[in-house]
Amino acid sequence: MLTLILLIAAVAGLLVVMRREAGALPALGVLAVTGLASLLFASSLLGVLLLLGAALLTAAGLPALRLRWLSPRLFTLFKKVAPRVSETERIALEAGTVAWEGELFTGRPDWQALLAFRDEGLTAEEQAFLDHQCSVAAGMCNAWEITRELADLPQELWEYLKQEGFFGMIIPRDYGGLGFSAKAQSLVLQKLSISETLMVTVGVPNSLGPGELLLKYGTEEQKDHYLPRLSDGREIPCFGLTGPRAGSDATALPDTGVVCRQDIDGEEVLGLRLNFEKRWITLAPIASVVGLAFRLFDPDHLLGDEEDRGITLALIPRDTAGMEIGRRHHPIGSPFLNGPIKGKDVFVALDTIIGGPEMIGQGWRMLVECLSIGRCITLPSGATGTARYALGWSGGFARIRRQFNVPVAEMEGVQEPLARMAALAYVSRAAVYQTANTIDHGEKPAVPSAILKSQLTEFQRQILGDAMDIHGGKAVTLGPRNYLGIGYSANPVAITVEGANIMTRNLMIFGQGAIRCHPYVLEELAAKEADDVKAFDRAFFGHAGLVFGNAARALTQGLGLGRPGVPFDEVAAPYARDIARLSAGFGLCADAAMASLGSSLKKREMLSARLGDVLSNLYLASMTIKQWHEGDKVEGEAALLHYGCRFLLSRAEQAFDELFDNLPSRALGRVLRIIVMPTGRRWKRPQDALTREIAQAISRDTSLRHYLLEATWQENDGSRDNPLAHYNALLVTQERAESLYRKVNKAYAQGELPAEALHPEQKVEAALKKGLISEEDASFMREREAAVLEMLSVDDFAYDAFVTDKSKVLRHNAD
């Protein structure tokens, strides 16, 4: 019995030491004490084994000893197996900063580090702009007019956007811009997502493009000239990066610049001769100034000894000789201005290089540093705004659309997608807002930008699909009344651009995060580059301690032992504790995958994607909890928190399951499963009761619906038809209408009304004639049914309306 007690004491002591990552000396103490006690008072065999473990730990765990024999051997092996980091990868890894995502890699996330990013809200000026200017701009949009009649924004809207400084949100006031915070930019784009064309048109100049590049890297002369002109719309910018052979692999640019001299007006000028072909360049058809990425060569050594000077960025006026610009592509579902740019032997002076000659060869670094912020804002904000509009429309439609004498919002088949839409919109809003808040605190979130771009646009795809299902024929019939179908058809644009989701999920999130966010991997690689065995020893054995610590934390927390403290209320605390548990499992699995697969992990994209899925879901759940913690709670919001967190944590556990099933080492997969999920999966998809509660709330005039639709265009000022305003108005009187529907339908079912009174309007008139309802009620229902019928109606057109060549119309039943 004493032997068993000592064995348990040794194991428990080691687990405590491991959980705390206390180091070799405390572990050595545990083994020595329990070993001696066992040797003296219990089992000699156990005592010998424990003391042998202590001896091995002394030799391998104490720095003074291991540096003499173990660390040099490990360092030699590490240098052979460690993946080679290319220059472009190194630049990408060094771009941006690491914040909460780094905490998730440690396996012991410090929630206070996340809460330290306090939300100061919007300034009064930002809020006023969101309330007024954004509402005016949204009210100038009609999807059908923009897509089918103009293939562009209306002229008056273009003028308004320029006049009010929409293109200068990121530009400081000193240069005539608005100088908005990242949170304000995000909320502006969410509100403008009433039209994907409007959102893209405003979002792109405020994202990756000349404006941000000039701000960070431009010369003073370039800033003074261009930034005021970009702010007020005198200059419309575009940025040429992608081309026929350089899409996701932007470093494979075939476009070239060659340093040369050319005679200009009798004077020899040192400059660049550019040859390029770009595609998919947003705003290119109307851009007045083109940002261009190319690879620069100096074969005649006019600038120095190097011939290949690397990726370089320049800013070129539209009217530069030799540049072909103005044609446009036809993006699926949306007419936002996008087109090709070509150039043959285009000569430009050296001062067109962004930042001047000193920034030659720095283009890739400039791009990835800017992208870490821009990719966090534009498409994630657009996806979030689209999600909230789609939710508002769908909740309203589901309540006023009646089948089988009940609103379809009462049908569980509709409630399921409706609740899912609400939860994903809630998570999206929290994630993009809280990440923008970290940007306002000075962070440059490279890995979160990949998470948000891929995850939130996939949420958008799901939400728009659900919205189409709920609307049925209303959404599949295009026309001026269809507020959903055009946006649905444009969704692949968000999935594809700024890093296709396939590439982002499979290569970037974990591929970049595993090195950039890991507490020790970068230090180990740096030690390798510096050939510094002491630095390697510190990093490697710190790394080893982290592995053992994560294993201990994952196992004990998985068994319900030693729950971590979290600074949240009883609603959010269980989710925060499980994020910490799964974080430990994630850290352990990340290290296990890197150790077992080495450099080949780069090629095992499906495994990398699953690890990225775990990280993504833990990140999104963390942002959702922070939003709950800091926000003003509204009635029913707890249901959304429960649904969202359960959904995300269930997906994280599913990704773990698939990882364990597909690791090349089956034994390793089984061991990791036992450690990470010793009692099996904890989280299932949200229960039906939550689904019903959320669907009811979002399809009625409730505080939860109002909360989810904050900062969307809901005005009905007569400028343009606003479906969301119509639905909101109908929901305000829904309870009164429901009671009248029940009264009239009951009377009809009991034969008190004529059988031929089939339409709701006919039933109302018959009920009035019978004295079952008052004239006031009848008047109310007449107005309501007219409004409902308008919202349910779809458009029809002349037979040949869609034929561009009328001479080819087939007249099947011509007279």
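This is a predicted model: local features need pLDDT of at least 70, side-chain atom pairs count only at pLDDT 80 or more; totals for chains, interfaces and linings use all residues.

**Entry 1: a salt bridge to start with**

I then checked for a partner and found Glu-235: the two form a salt bridge, with 3.1 Å between the closest N and O atoms. Glu-235 has a relative accessibility of 10%, so this residue counts as buried.

How many salt bridges does a search of the whole structure find? The search gives 41. I picked out a few to read about.

Lys-278 and Asp-255 join their side chains in a salt bridge, 2.7 Å from N to O. I noted where each one sits: Lys-278 is in strand β3 (residues 267–282), and Asp-255 is in the loop between β1 (237–240) and β2. The two residues are 23 apart, and the pair links distant parts of the chain. Lys-278 has a relative accessible area of 0%, so I put this residue down as buried. Asp-255 is buried as well, because its relative accessible area is 4% and buried means under 20%.

Next I turned to Asp-805 and Lys-808, whose side chains meet in a salt bridge at 4.0 Å, N to O. Asp-805 is partly exposed at 32% relative accessible area, whereas Lys-808 is exposed at 63%.

I also found a network of salt bridges.

**Entry 2: patches on the surface**

Which residues gather in a patch of negative charge on the surface? I found Asp-263, Asp-265, Glu-267 and Glu-268 there. Asp-263 belongs to strand β2 (residues 256–264) and is exposed, with 54% relative accessible area. Asp-265 sits in the loop between β2 and β3 and is exposed too, at 79%.

There is also a nonpolar patch on the surface, with about 1,200 Å² of accessible area together. Its members include Met-1, Leu-2, Ile-8, Val-11, Leu-36, Phe-41 and Val-48. Two elements give two or more residues to this patch: α1 (2–20) and α2 (24–41). Helix α1 provides the largest share, 6 residues. I looked at Phe-41 on its own: this residue lies in helix α2 and has 62% relative accessibility, so I wrote it down as exposed.

**Entry 3: backbone angles worth a second look**

A reminder to myself: most residues other than glycine have a negative phi. With that in mind I came back to Asp-265, which is not a glycine and yet has a positive phi of about 50 degrees.

Asp-345 went onto the page next, with a positive phi near 50 degrees in a residue other than glycine. Where is Asp-345 found? I located Asp-345 in strand β7 (residues 338–349). Its relative accessibility is 42%, so Asp-345 counts as partly exposed.

**Entry 4: pairs far apart along the chain**

Leu-367 and Glu-212 are 155 residues apart along the chain, with 9.9 Å between their C-alpha atoms. Leu-367 has its place in helix α16 (residues 363–400) and is buried at 3% relative accessibility.

Tyr-727 and Ile-400 are 327 residues apart along the chain, and their C-alpha atoms are separated by 8.3 Å. I traced Tyr-727 to helix α30 (residues 723–732). Tyr-727 is buried, with a relative accessible area of 0%.

**Entry 5: the overall layout**

Last, I checked the domains. The protein chain is divided into domain 1 (1–61), domain 2 (238–353) and domain 3 (742–814). How many Å separate the centres of domain 2 and domain 3? Taken over C-alpha atoms, the separation is 59 Å.

Key
Residues are numbered from 1 along each chain as its sequence is written. Side-chain values use heavy atoms; hydrogens and water are left out. Domain bounds come from an automatic or database domain assignment. Patches are made of residues with over 30% relative accessible area and no salt bridge: like charges are joined within 9 Å, nonpolar side chains (Val, Leu, Ile, Met, Phe, Trp, Tyr) within 5 Å. Accessible areas come from the Shrake-Rupley method with a 1.4 Å probe; for residues, only the protein chains shown count as cover. Lys and Arg count as positive and Asp and Glu as negative; His and the chain ends are not counted. The place of a charge is taken as NZ of Lys, CZ of Arg, CG of Asp or CD of Glu. Helices (H or I, at least four residues) and strands (E, at least two) are DSSP runs, numbered from the N terminus. Buried means under 20% relative accessible area, exposed over 50%, partly exposed in between (1.4 Å probe, protein chains only).
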